[in-house]
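This report looks at the fold of one chain, at the surroundings of a single residue within it, and at the contact between two chains. Please keep the sequence and the structure in view while reading.

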Amino acid sequence: MNEPVRRLSVVVLVMFLALMSAASYIQVISAGDLNQDPRNVRTLYREYGTFRGPIVVDGESVVWSQSVDSPFNFQRTYADGPLYASVTGYYSIVFGRTAIEQTENELLAGTADSLFWTRLGNLASGETQRGASVELTLSAAIQEAAAAALGDNTGAVVALDPATGEVLAMVTSPTYDPALLASHSSAEVNANYQELLAQEDGPLVNRAIAGDTYPPGSTFKLIVSAAALEAGYEADSELYAPDELPLPQSSNVLGNYGGAACSDDERQTLADALRISCNTAFANLGMTLGWGVIERKAKEFGWGEQLSIPLAVTPSRLPENPDRAQTAMASIGQYDDRATPLQMAMVAAGIANDGVLMSPYLVDQVRDASLRLIEDSEPEEFSSPMTTADANTLTEMMVGVVESGSATSAQIPGVRVAGKTGTAETGTDERPHAWFVGFAPAEDPVIAIAVLVENGGSTDGEITGGRVAAPIARSVIEAALTERAGG
Amino acid sequence: MSLVLHFAVRRWASFADPVLLPAVLALNGIGLAMIRRIDFAYADRGRDTSFGEVQIVWSLLGAALAVAVILLLRDYRLLRRFTYTAGVLGLVGLVLPLMPVIGTQINGARIWITVFGRSLQPAEFAKIAFVIFFAGYLVSNRDTLALAGPKVLGMRFPRPRDMGPLALVWVAAMMVQIYERDLGTSLLLFGIFVAMLYVATERLSWVIVGMGMFAAGAVLAGTLFSHVGSRYTAWLHALDPEVYRSGASEQLVRGLFGMASGGLFGTGWGEGRPDLVPYAESDFIVSSLGEELGLTGLMAILTLYVIIVQRAMRTAIGVRHGFGKLLAAGLGFAIALQVFIVVGGVTRVIPLTGLTTPFLAYGGSSMLANWVIVGLLLRISDQARRPEEVRA
């Protein structure tokens with residue numbers, strides 16, 4: 001009976017060989033497919049279970065991964081969540097990622113190509129993979145000042161460093177706490193998300209760059225002014241500024257806010273027209289210049305551009321082939337003009353930086369877990385929409401707006417602030433949007449800013465942009481000046 | 001524990017195979033570590049389990065039982081006297097779960113009995129009883145079964161009237177599959193019988209007839225009974241989204257995901273997520289091990305089994321009595337086939353069944369029964385290797 005026992009042991013060997021080949025097939029050959037299978041929750045756990053790098057503002061982590069005793073190993077933690085939500089976004093097991101958490105995901109997760117050598121080093125030293133830290137260009141002081149100044153108003157504040165394009169502050173209101181969506185309980189996250197979605201004022205919307213675009217109102221007169229200066233106008237060039245301007249090909253008549261007169265003799269300099277924000281003068285100027293000139297200037301300032309800072313920015317829009325009446329309306333920032341607050345901050349920054357517009361960006365540096373520099377952002381020029389001389393002229397005109405025009409409430413003692421207000425009608429019975437666009441100090445700007453307060457204006461006059469939005473801007477500018485003086 | 005065992009074997013079975021015990025202990029240890037680790041994983045998810053502690057108790061009991069076997073059974077040949085007693089015991093064990101009151105159905109399979117609040121799988125013990133019965137029966141009747149019968153295509157086929165025992169076991173196996181809904185046990189019993197029949201008669205024809213009968217029966221059962229059929233579907237189309245969504249292959253596929261994430265070298269102890277697979281501590285402990293120890297670890301574990309089985313086979317060759325040969329070969333093959341059925345089920349070589357992995361998986365019955373097998377093998381090998389003059 002020994003022979004069959006030997007054969008039986010061969011059969012047993014064959015059986016085990018079959019098992020071994022099956023195991024090899026599963027664990028090596030088809031492992032890739034199985035690991036990519038969407039039903040494989042391990043992939044999710046692996047991604048969400050690695051140490052994710054922090055998001056840093058002014059050298060301090062505002063978002064980091066806290067080691068916790070849960071299947072995910074780490075809890076994404078948001079210090080000052082609502083303050084930075086518009087920039088950091090959230091990191092949710094149910095709804096994925098948004099904003100920086102999304103755009104810089106590969107770096108934060110540690111899977112980016114640029115981290116290859118870091119990963120190799122970790123492999124050699126046996127350390128676990130750790131994500132890189134992303135340092136933002138934001139300034140904590142300016143961001144806090146902007147959020148505090150905006151308060152409960154619905155709107156947004158964007159502040160740029162005109163010399164580099166660094167985004168110093170990006171605040172949207174109302175906001176939310178990303179921690180609500182970062183919980184590890186799907187049910188809790190779902191409930192919180194539905195609640196946020198249900199709120200009418202849309203706390204999840206980043207009004208600064210990706211909300212509805214807004215009619216820029218009188219702040220658009222900066223573009224028309226820039227186009228006029230390029231066309232040969234000067235600050236003291238006289239414009240036709242009637243009390244009422246009949247619009248061509250229509251029975252409509254364009255007046256000024258509150259029916260006020262721009263001047264006694266229907267003549268006004270370009271600087272004065274900007275200072276008191278005279279609608280009839282700019283509407284007439286726009287028709288004289290022609291839409292093509294204005295459109296080109298607006299595009300040089302960024303209209304129509306799909307920006308990625310690296311958050312995706314909704315392109316600001318312009319009307320297509322407007323007739324003369326529409327051109328008149330568009331020249332004062334109404335009709336089909338639309339802009340994001342970031343776009344208007346870029347207008348201010350371009351003028352502030354001697355006519356050179358720098359591309360806005362949010363990510364300053366990326367460092368791996370051992371603090372080695374992986375990426376360092378270099379300021380990039382976006383365009384040169386104005387000559388230095390024209391930019392300086394327009395700057396002086398904007399200083400006039402703050403010193404003795406529609407934006408006196410943006411004045412700061414001892415500092416020359418340049419600005420322009422706007423009150424944009426929304427076409428409905430709702431109250432208009434209030435704008436302030438500006439920069440300071442005028443001779444050596446450290447901050448360019450755009451403030452939008454949704455439905456924050458009243459219909460009683462141009463002064464509303466100055467009354468609602470300008471004080472907010474002033475607080476933010478003061479914070480920037482304090483920081484610059486201290487740092 | 002291993003030291004005590006070692007000395008016990010040295011003292012009372014000094015010529016026993018020296019490789020068997022360490023290999024079994026290694027497997028038992030790996031299993032304990034894995035189960036304890038899965039306890040922690042469950043605890044993380046708020047599910048308090050103490051599989052690890054319980055398993056340690058079972059392991060100790062099992063080892064004690066093995067020593068008891070070695071101690072009490074000074075000569076394995078005594079077992080031959082109990083051939084038919086064992087046969088009856090085996091049948092009773094097999095049928096027990098079908099009895100009212102004590103029979104319990106868990107997860108669709110009716111293979112448990114509940115005694116004193118503990119569920120046991122009598123089939124695990126019935127397995128040993130059947131091996132003893134087969135060995136005793138076959139050693140007495142091998143000549144009839146081997147020599148008589150018509151010759152077809154150069155092979156001598158058994159006479160129909162000698163087919164009785166085979167048919168009986170076939171019926172029993174089919175009953176298990178249908179009434180207890182347990183393909184694994186049925187395949188295990190039938191496989192052991194056919195293998196031992198082959199060893200006893202040296203006739204390949206028995207194997208062919210036996211496998212043909214089982215295949216026919218299995219296909220028939222698959223078509224006639226939906227619960228058997230769904231097992232087959234889950235096996236063949238495990239990754240099919242529809243089958244997966246229906247839940248039929250969910251456990252299997254999750255096990256595959258686990259093993260795949262382990263890859264070549266595994267995630268390392270405590271680094272994987274074996275708790276994502278249902279029954280990670282018992283039926284799917286192999287996928288848990290595959291995940292955390294990788295293909296490398298799984299290969300090592302399978303190799304340990306190969307060593308155990310091959311030592312059993314070596315014992316069978318070395319032993320001088322026909323009964324001992326059959327017993328050792330049968331017990332060794334029982335372990336091999338059981339591993340094949342479980343691991344094959346998890347790795348999609350064969351349809352998934354509910355057997356436990358010997359020595360590794362959580363489960364008292366299996367642990368005790370397999371340690372008894374080890375005790376028997378140690379006793380047989382001791383007698384096989386003992387020098388002639390001492391044995392006299």
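## A residue between two classes

A residue is called buried if 20 or more other C-beta atoms lie within 10 Å of its own, exposed if 12 or fewer do, and partly exposed in between, the C-beta atoms being placed from the backbone. The model discussed here is a predicted one. Because A179(A) has 18 C-beta neighbours inside 10 Å, it counts as partly exposed.

A179(A) is placed in the loop that runs between β8 (167-173) and α9 (186-198) of chain A. When its neighbours within four places in sequence are left aside, A179(A) is in contact with Y78(A) and G81(A). The C-alpha atom of A179(A) is also separated by 7.6 Å from that of R76(A), although these two residues are 103 residues apart along the chain.

## Chain A as a whole

Chain A contains 17 helices and 19 strands, and 53% of its 487 residues count as buried. Among the contacts in chain A with a separation of 6 or more, 69% are between residues 24 or more positions apart.

## The six-stranded sheet

Six strands of chain A form an open sheet with mixed pairing, in the order β3-β2-β1-β6-β14-β15. Its edge strands are β3 (74-78) and β15 (373-376) of chain A, each of which pairs on one side only. With direction ignored, neighbouring strands of this sheet are turned by 25° against each other on average.

Within the sheet, strand β1 (residues 55-57) and strand β2 (residues 60-67) of chain A run antiparallel and are joined by three bridges.

## Where chain B meets chain A

In the contact between the two chains, 42 residues of chain B are in contact with 33 residues of chain A. On the side of chain B that touches chain A, the elements giving two or more residues are α7 (183-201), α11 (250-262), α12 (285-318) and α13 (322-346) of chain B. The largest share of that side, 13 residues, comes from α12(B).

By residue type, the side of chain B that touches chain A divides into 27 nonpolar, nine polar and six charged residues.

Methods
Residues numbered from 1 in each chain as written. Chains lettered and ligands numbered in written order. Predicted model: local features only at pLDDT ≥ 70, side-chain atom pairs only at ≥ 80, totals over all residues. Pairing = 2+ DSSP bridges. Helix = DSSP H or I, 4+ residues; strand = E, 2+ residues; numbered from the N terminus. Axes fitted to C-alpha atoms, helices over the stretch in contact; angles between N-to-C directions. Contact = placed C-beta atoms within 7 Å. Nonpolar A, V, L, I, M, F, W, Y, C, P; charged D, E, K, R; others polar.
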